[in-house]
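Let's take a friendly walk through a protein structure together. Please have the sequence and the 3D view ready as you read.

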Amino acid sequence: MRIFNKKKLFAKRKRFTFLISIADFSSQECYEVYFQFSLEDPWWFPKYEPEFGDIKAPLYGWLCFYFGRRSIGVLVPSNAMEESKAKKPIYDCNGRLYHLYAFPDSGMAKDFRKISKKYRRTISVECKDGKCTIVNTISRKRIFGF
């Protein structure tokens, strides 16, 4: 099942803002989920801001509770030879090594998320002449989200 194929990478708290970084190995995506409680300037009606704050993250909220989700990058399976290059390697529950490739901008992250909701796919990396390209191979359309 998809729910058990995730790993919490780290969690942070600053005052009443909580940030959890999650690696989802079934969708090969790494994302941040954040929650915030604030009594200052509450939103009296449910509200959505597509780009909030310095990191330009989407924010949903109502009254004193706010939450959001932001894609960070793609998890690409790697072989054991590349393990020495990684500062902090990411392993799934089966012991396979993954590397994180960060998205350069928020537009690419939104497109990746839209495709991952509709289609089942695998991600790989092709390197030629020192330039690496992320290849997104679609295998089939998702049925009821699975």
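The model is predicted: local features need pLDDT of at least 70, side-chain atom pairs count only at pLDDT 80 or more, and totals for chains, interfaces and linings use all residues. Residues are numbered from 1 along each chain as its sequence is written, and side-chain values use heavy atoms, with hydrogens and water left out. Helices (H or I, at least four residues) and strands (E, at least two) are DSSP runs, numbered from the N terminus.

Let's start with helix α1, which covers residues 106-118. How far apart should the ends of its 13 residues be? The expected span of a helix is 1.5 Å times one less than its number of residues. For α1 this rule gives 18 Å, and the end C-alpha atoms are 19 Å apart, which agrees.

Now ask which residues of α1 are buried. Buried means under 20% relative accessible area, exposed over 50%, and partly exposed in between (1.4 Å probe, protein chains only). In α1, the buried residues are Ala109, Phe112 and Ser116. Looking down the axis of α1, you find these buried residues within an arc of 65 degrees, so they line one face of the helix. The arc is taken from the directions that run from the helix axis to the C-beta atoms. Lys110, Lys114 and Lys117 are exposed on the other side of α1. What do the buried residues of α1 pack against? Their partners are the strands β3 (29-37), β6 (65-77), β9 (119-128) and β10 (131-141).

One of these strands, β10, holds lysine 141. Lysine 141 is exposed, with a relative accessible area of 54%. Leaving aside neighbours within four places in sequence, lysine 141 is in contact (heavy atoms within 4.5 Å) with Lys118 and Tyr119. Lysine 118 is 23 residues from lysine 141 in sequence, and their C-alpha atoms are 6.1 Å apart in space.

Next, turn to strand β2 (residues 17-24), where aspartate 24 is found. Aspartate 24 has a relative accessible area of 2% and is therefore buried. Its side chain makes polar contacts with the side chains of serine 26, at 2.8 Å, and serine 27, at 3.1 Å. A polar contact is a pair of N or O atoms within 3.5 Å; within protein, one must be able to donate a hydrogen and the other to accept it, and residues adjacent in sequence count only if both atoms are side-chain atoms.

Our last stop is the aromatic rings. Rings of Phe, Tyr and Trp (its six-membered ring) pair if their centres lie within 6.5 Å; planes under 30 degrees apart count as stacked, over 60 as edge-to-face and the rest as tilted. By this rule there are 9 aromatic pairs. One of them joins phenylalanine 18 and phenylalanine 37 edge-to-face, at 6.3 Å centre to centre with 75 degrees between the planes. This pair links distant parts of the chain, 19 residues apart: phenylalanine 18 is in strand β2 and phenylalanine 37 in strand β3. Another edge-to-face pair is tryptophan 43 with tyrosine 66, at 4.8 Å and 80 degrees. Tryptophan 43 lies in strand β4 (residues 43-52) and tyrosine 66 in strand β6, so this pair ties together parts that are 23 residues apart in sequence. Tryptophan 43 counts as buried at 11% relative accessibility, and tyrosine 66 is buried at 4%.
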